[in-house]
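Biologist: I would like to go through the labels attached to this structure and hear what each one rests on. Please set the value beside the cut-off each time.

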Amino acid sequence: MHIPDGYLGPATYGGAWAVMVPIWRHAAKRVRGTVRTSEIPYLAMGTVFSFVAMMFMLPLPGGTTGHISGTALVAILLGPWAAVIAISIALFIQALVLGDGGVTAIGANCFNIAFVGAVTGWGVYALIVAAGARGVDRPAPSAFPRLAAAAVASYLAINMGAFLTAVELGCQPLLYGGTHGGAAYFPFPLKVAIPAIMIPHLTTVGALEAAVTVLILTFFQKAEMSMRGVSKTGVTVLVCAAAMLTASPLLAHSIHYDVQQKAMAVRVYYSEKDAASYSKYELYGPGDKEPHQIGRTDKNGFVGFVPDRPGAWKLQVWGESSHGFHGVTTDIEVNQALGLQSFSKPLVATYTKLVTGISIAFGLFGIYALWASRAGAAKGEERY
Amino acid sequence: MTALPEFLLDRHPLHPPGPSKHVVSVTFLDKGIHRLSRIVQSGYAHWDLAQRDSVLHRLDARVKVLFVALFLVIVSLKRTIAPEAGIAAFVLALFLASRLDVLTIYKRVLAVGLVFGVLVPFPAMFNFLSDGEPLFPVVHLARPYELWGYHLPQSIVVTREGLHGIAMLFLRVTNSVALTIWLMDTTPFTDIAKALRMFRVPDTFVMVITLSYKYLFVFTRTVEEIHLAKKSRLLGKVRGREARSWAAERMTFLYRKTQMRYEEIFKVMVARGFTGDVKLYGLRRAAASDWWAAGAALGAGVLFLRW
């Protein structure tokens, strides 16, 4: 279904580029809004996943094999706009590295496969799932309707893409037919191109796409990987095609995360140069009996945690050094802004000056006692 | 060329799955693995060739990307054989000037050209799809036929227009493929991706393209390992249903692995100071030779356009 270079005339491929550029811009804008910069590697991974998944040859009943285009699958997993970008990039790399599809035809291929495939696949899937949910207050449909929705969506997605490919190719004799004898570009008219492309897609390729998409999603569901449900609003939005462009994308990562500079760090150490590395600890929130956090300190003896409420937090650390087993408890006072207010220092650290003063006094007394005893001993010797 | 890793050179014969008694051999996976290994092979080959030293290798990536884009458009605009043949000769000269292995490269170029330029449009050569001046007859039927709206004439002949169309398509496909391969074999992929910024492609896109290209090789290796792990545990053939389930399950696993790998890579990026801002190093400043080359490319383009 990848159109190579030379099959499309300049008006067709130029038109496809002109259509795709705003679509890419819109997709990039939508993705920037939903996918954080930190998730760019994830998007690249999604691209490669779709690329590699297309390479898996699957055995079909009867002994033949086939592979999927995966557009609807990727759209269901990543959301339509992320899928447009991921599959467009996969097509770009395929065209440059493998020669699958032409460079001038990238616009047309991306329109047929990435855009139409992704939007049709995701739209039909979302529509059926939302219709199955029958309202936001009802539970999302069970696995079977979702899989059926995915099957229909992937079947329609690949066939829509194939149909548009056939139309674009079949229009070439009409647009550029035989000024210098023979067709200048793709030589077959619509009445040949459409059946030649659509018959295999409607019968075999579409069914294969649907079967493989269902098979893979079955395992995704078994693995409890999330496929976000579609709200009733989604149905309304999807009723008209224009509204599909503004529908919120389905980002179906099982776990989201970002990195924030919020943590509070406690350093635990035996001496300034001897950190309590990899020591067990338990952290209790204010008034908690169950630990808020458990684990081990890092290599440098740090415990990092993010307080979720103000009050006195208690940290207990157990560590073993060359001098035996140690345990320490510290109270950390968290203020209303969830910042550090104060913390209880270890006994020696709190009364450092007092301890030092007493130590010096004891030391001076010791020196005096030693001097006095030696002086007394000397006098005694003289008495004998 | 740099020696390829051993696993890429392994060329065991591939057997299609056996259709009998609902049992298939997992060699169907071998096909997928070898398709993937072809990607890695091309990647290594492009990487290796792009590192060579020639005047054309040293040119700025932007100049080469612009040149290829311009010539791809010119190739698509030409409607007669002579200028297409002239462009073919010009591209061949570029390969020779780049000191590349022309024979090996043109085997690939011609293979693609034969499939998409000759085999696919082959029926267009005859008069049952479009009229034209008969050159020589092929089949003479008892009478003309009308089949589901298609007309089959009594005498099926090869037409001049049909041959011209196929010759044009063959030249156009081979020229386009040759230009793309020349770009890939003289320019590192990362430079090509960076050169796209010239067309106002956002940095985010460029970064995704670059990362995708790199991850492709990582994942190809992962898929190969998954396959070998399964293969090493098999004593005989598996049932078709089990094989399908297994392949689908592996894809699911691959997706999870994708997520895990992403998390690892992101941690590595953060550890190296990534703060969320995409900042790509640009290409070097264009030298005088790059400007001369750009001018020459433009001149050649105008010549071919006016031909």
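Biologist: Where does Val192(A) lie?

Modeller: The model is a predicted one. Val192(A) sits in helix H8 of chain A, which covers residues 190-222.

Biologist: What makes Val192(A) count as buried?

Modeller: Its relative accessibility is 16%. Buried means under 20%, so Val192(A) takes that label.

Biologist: How many disulfides does the structure hold?

Modeller: The count over all chains is 0. A pair of cysteine sulfur atoms would have to lie within 2.5 Å to be called one.

Biologist: How do you know whether Cys110(A) is buried or exposed?

Modeller: The relative accessibility of Cys110(A) is 0%. The limit for buried is under 20%, so Cys110(A) counts as buried. Cys171(A) has a relative accessible area of 23% and is partly exposed.

Biologist: How many salt bridges are found over all chains?

Modeller: The search of the whole structure gives 5. Side chains of opposite charge can pair when their charged atoms come close.

Biologist: Why is the contact of Asp288(A) with Arg309(A) called a salt bridge?

Modeller: The closest N and O atoms of Asp288(A) and Arg309(A) are 2.7 Å apart. A side-chain nitrogen of Lys or Arg within 4 Å of a carboxyl oxygen of Asp or Glu is what the term asks for, so the pair qualifies. Asp288(A) lies in the loop between strands E6 (280-284) and E7 (293-296) of chain A, and Arg309(A) in the loop between strands E8 (302-305) and E9 (311-321), so the bridge ties together parts 21 residues apart in sequence.

Biologist: What are the relative accessibilities of Asp288(A) and Arg309(A)?

Modeller: Asp288(A) has 29% and counts as partly exposed. Arg309(A), at 26%, counts as partly exposed too.

Biologist: What makes Arg172(B) and Glu84(B) a salt bridge?

Modeller: Their closest N and O atoms are 3.7 Å apart, and the cut-off is 4 Å. Arg172(B) belongs to helix H7 (residues 160-186) of chain B and Glu84(B) to helix H5 (residues 81-97), so this pair ties together parts that are 88 residues apart in sequence. Both Arg172(B) and Glu84(B) are buried.

Biologist: How far apart are the closest N and O atoms in the salt bridge of Arg160(B) with Glu133(B)?

Modeller: They are 3.1 Å apart. This pair links distant parts of the chain, with Arg160(B) in helix H7 of chain B and Glu133(B) in the loop between helix H6 (102-119) and strand E2 (134-140), 27 residues apart. Arg160(B) has a relative accessible area of 44% and is partly exposed. Glu133(B) is partly exposed as well, at 39%.

Biologist: Which residues are joined into one network by salt bridges that share partners?

Modeller: Asp288(A), Asp308(A) and Arg309(A) are.

Biologist: Which residues gather in the patch of positive charge on the surface?

Modeller: Arg25(A), Lys29(A), Arg32(A) and Arg200(B) do. Arg25(A) is placed in helix H1 (residues 10-34) of chain A.

Biologist: Why is Arg25(A) called exposed?

Modeller: Exposed means over 50%. Arg25(A) has 61% relative accessibility, so it counts as exposed.

Biologist: What makes up the nonpolar surface patch of about 400 Å²?

Modeller: Leu135(B), Phe136(B), Val138(B), Val139(B) and Leu163(B) make it. E2(B) gives the largest share, 4 residues. Phe136(B) lies in that strand, and its relative accessible area of 45% makes it partly exposed.

Biologist: What is the phi of Tyr278(A)?

Modeller: Phi is near 55°, a positive value in a residue other than glycine. Tyr278(A) is placed in the loop between strands E5 (274-275) and E6 of chain A. At 49% relative accessibility it counts as partly exposed.

Biologist: How do you know whether Arg99(B) is buried or exposed?

Modeller: The value for Arg99(B) is 58% relative accessibility. With exposed set at over 50%, Arg99(B) therefore counts as exposed. Arg99(B) lies in the loop between H5 and H6 of chain B, and has a positive phi of about 55° although it is not a glycine.

Definitions and conventions:
Residues numbered from 1 in each chain as written. Chains lettered and ligands numbered in written order. Predicted model: local features only at pLDDT ≥ 70, side-chain atom pairs only at ≥ 80, totals over all residues. Heavy atoms only, no water. Buried < 20%, exposed > 50% of the residue type's maximum accessible area, 1.4 Å probe, protein only. Helix = DSSP H or I, 4+ residues; strand = E, 2+ residues; numbered from the N terminus. Patch = residues over 30% accessible without salt bridge, like charges linked within 9 Å, V, L, I, M, F, W, Y side chains within 5 Å. Areas by Shrake-Rupley, 256 points an atom, 1.4 Å probe, with all protein chains shown as cover. Lys, Arg positive; Asp, Glu negative; His and termini not counted. Charge placed at Lys NZ, Arg CZ, Asp CG, Glu CD.
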